[in-house]
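Please consult the structure while reading them.

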Amino acid sequence: MKNAIKVTGLQKSFKNTEVLKGVHFEVRPGEIFALLGSNGAGKTTIVRILATLLKPDGGAAEVGGFDVATQPGKVRHAISLTGQFAAVDEILTGRENLILMAKLRHLDQPRQVADGLLKRFGLTDAADRKPSTYSGGMRRRLDIALSLVGQPQVIFLDEPTTGLDPEARIEVWKIVKELAGSGATVFLTTQYLEEAEQLADRIAILHEGRIIANGTLAELKSLFPQAKVEYVEKQPTLEEIFLAIIGKKEVV
Amino acid sequence: MGEAKTYFFRDMSVMLGRSMRHIFRSMDTMLTVCITPIAMMLLFVYVFGGAIETGTGNYVNYLLPGILLMAIASGVAYVAYRLFIDKQRGIMERFHSMPIARSTVLWGHVLTSVVSNVISIVVIILVALLMGFRSSAGVLSWLAVAGILVLFTLALTWIAAIAGLTGKTMEGASAFSYPLIFLPFISSAFVPTDSMPLIVRVFAENQPVTSIVETIRSLLSNQPVGTEIWVALAWCLGIMLVAYFFAVRAYNRIVA
């Protein structure tokens, strides 16, 4: 398999808004690929198409060597999805959540699989509590652990650190780095530049429905002129103007 | 597709196990589903019952079918609630991105609704027995009663599924059940329709609850059901098919 993900000419509109206007990119097996874009750029739309949750209007997408439109069942075997909000069952305990996933993936030893992941994600002590008693970071850890049940080849993480405190964010970063170390392909979306810089082997920037840049951090940096020292005349900001006028009035 | 079929029953039992756990773990669910109808039954039998003239000796016997329908109407509201939560929390998306028989995501909740309503109905009937409910019905009549109640449960469950799948807010998703719970009051469930003003009476005699209540009442008291049973079945099946159609359409819109 040459590419873990291959997207060609992907198009999608919602009502009259064209969200994706022909998106192309490829993700190699085993790399961490970050899709960077502002809010509403269409990152989640791409993830949902790749995860077989949404049909594109045009173009094609392959995940794990299978076409998302014609072989969705095969694609679902190869992937896992962690959405923007921790999709955990609030009534079941952490352990039961993992066992549920293992059963739905038709694994032979659901309990052992759950125990292994609980240990790996440092959730053993909290295993028999409901997720409602977890901290934000623990919930996210459980959420990602749920995604790893059955060892999918391609892991989608849609804005994995949005809404997390700095400490939990660093924890998630550590997990993501370990994931890629285990040979899985990680496709993550983010609106944080630092996150892409920290984690990704390659970064694509989605803007106004197209990929406007795609490459390693070094390649992206080389697109721009070398850093140099320049003399720039400092214009007053609106705030400074505003304060100056107010100050004058008060004097008057 | 072949694979999805292979796993249908296996996935279905996992989904059923999941939502049954939800039911047994939330005590408020159990309370609302069983205690409210039982309280209603106590209230009608021991407070209002003395003043209600039904023409039959045993008011508990008269009242029970209506109470059972009310219990079902309030019980199905939880289907809307659970589907709404699954949809909103992204749990449905997670399931749909997995290699499972997708339809079990919806059918698991529907089956759970039937199982939990059967449980609450059995509990209510046991309480009614303590309160003096007696039936001379044979096995066949009881089976017919069970069949009608399951059909009624399915019909209302699919209505609940529409609400849960299309609701924008939790309140919106569960608001549909209030008219359903209220419907037995404007029927022959608690009092005979004879004393009602004409307009109310016409409504009461021609809405689904009355025909279903009358049929169950006749079956339980070993009376001939006449054509009423066909009207009741037609209502149940008709509502079920229409609601099923719209629920599946709403579901497919989410699945895309």
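**Contacts, packing and overall form**

Q: At what distance from the ring centre does Arg169(A) lie over the face of Tyr192(A)?
A: In this predicted model, Arg169(A) is placed over the face of the Tyr192(A) ring. A charge counts as sitting over a ring if CZ of Arg is within 6 Å of the ring centre and within 35 degrees of the ring normal. The distance of Arg169(A) from the ring centre of Tyr192(A) is 4.5 Å.

Q: Over the ring of which residue does the charged end of Arg217(B) sit?
A: Chain B also provides a charge placed over a ring, that of Arg217(B). The charged end of Arg217(B) is 3.5 Å from the centre of the ring, which belongs to Tyr62(B).

Q: How are the rings of Phe33(A) and Phe187(A) arranged?
A: Over all chains, the structure holds 15 aromatic pairs. For Phe33(A) and Phe187(A), the ring centres are 5.6 Å apart and the planes are at 25°. Planes under 30 degrees apart count as stacked. The pair of Phe33(A) and Phe187(A) is therefore stacked.

Q: How many residues apart in sequence are the parts that Phe33(A) and Phe187(A) tie together?
A: Phe33(A) belongs to strand E3 (residues 32–36) of chain A, and Phe187(A) to strand E8 (residues 185–190) of chain A. Both Phe33(A) and Phe187(A) are buried.

Q: How is the pair of Phe182(B) and Phe185(B) classed?
A: The ring centres of Phe182(B) and Phe185(B) are 5.5 Å apart. Their planes are at 45°, so the pair is tilted.

Q: How is H2(B) oriented relative to H7(B)?
A: Helix H2 (residues 8–25) of chain B and helix H7 (residues 104–130) of chain B have axes that come within 8 Å and cross at roughly 50°. The crossing of H2(B) and H7(B) is right-handed. Given the angle at which the axes cross, H2(B) is oblique to H7(B).

Q: What is the handedness of the crossing in which H7(B) passes H8(B)?
A: The axes of H7(B) and helix H8 (residues 139–166) of chain B come within 9 Å and cross at roughly 135°. That angle makes H7(B) oblique to H8(B). The crossing of H7(B) and H8(B) is right-handed.

Q: How far apart are the end C-alpha atoms over residues 139–163 of chain B?
A: An unreviewed UniProt entry places the feature "transmembrane region" at several stretches of chain B, including residues 139–163 and 229–251. Over residues 229–251 of chain B the chain is 100% helix, with end C-alpha atoms 32 Å apart. Residues 139–163 of chain B are likewise 100% helix and 0% strand, and their end C-alpha atoms are separated by 36 Å.

Q: What distance separates the C-alpha atoms of Gly247(A) and Ile99(A)?
A: Gly247(A) is part of helix H9 (residues 238–251) of chain A. At 29% relative accessibility, Gly247(A) counts as partly exposed. Along the chain, Gly247(A) and Ile99(A) are 148 residues apart, and their C-alpha atoms are separated by 66 Å.

Q: What percentage of the residues in chain A is buried?
A: The secondary structure of chain A comes to nine helices and ten strands. The C-alpha trace of chain A spans about 80 × 45 × 40 Å along its principal axes. Of the 252 residues in chain A, the buried share is 49%.

Technical notes
Residues numbered from 1 in each chain as written. Chains lettered and ligands numbered in written order. Predicted model: local features only at pLDDT ≥ 70, side-chain atom pairs only at ≥ 80, totals over all residues. Heavy atoms only, no water. UniProt positions renumbered as here; feature names shortened; annotations may be inferred. Helix = DSSP H or I, 4+ residues; strand = E, 2+ residues; numbered from the N terminus. Phe/Tyr/Trp six-rings, centres within 6.5 Å; stacked < 30°, edge-to-face > 60°. Buried < 20%, exposed > 50% of the residue type's maximum accessible area, 1.4 Å probe, protein only. Axes fitted to C-alpha atoms, helices over the stretch in contact; angles between N-to-C directions. Parallel < 35°, antiparallel > 145°, perpendicular 65-115°, else oblique. Left-handed = near helix turned anticlockwise from the far one by under 90°.
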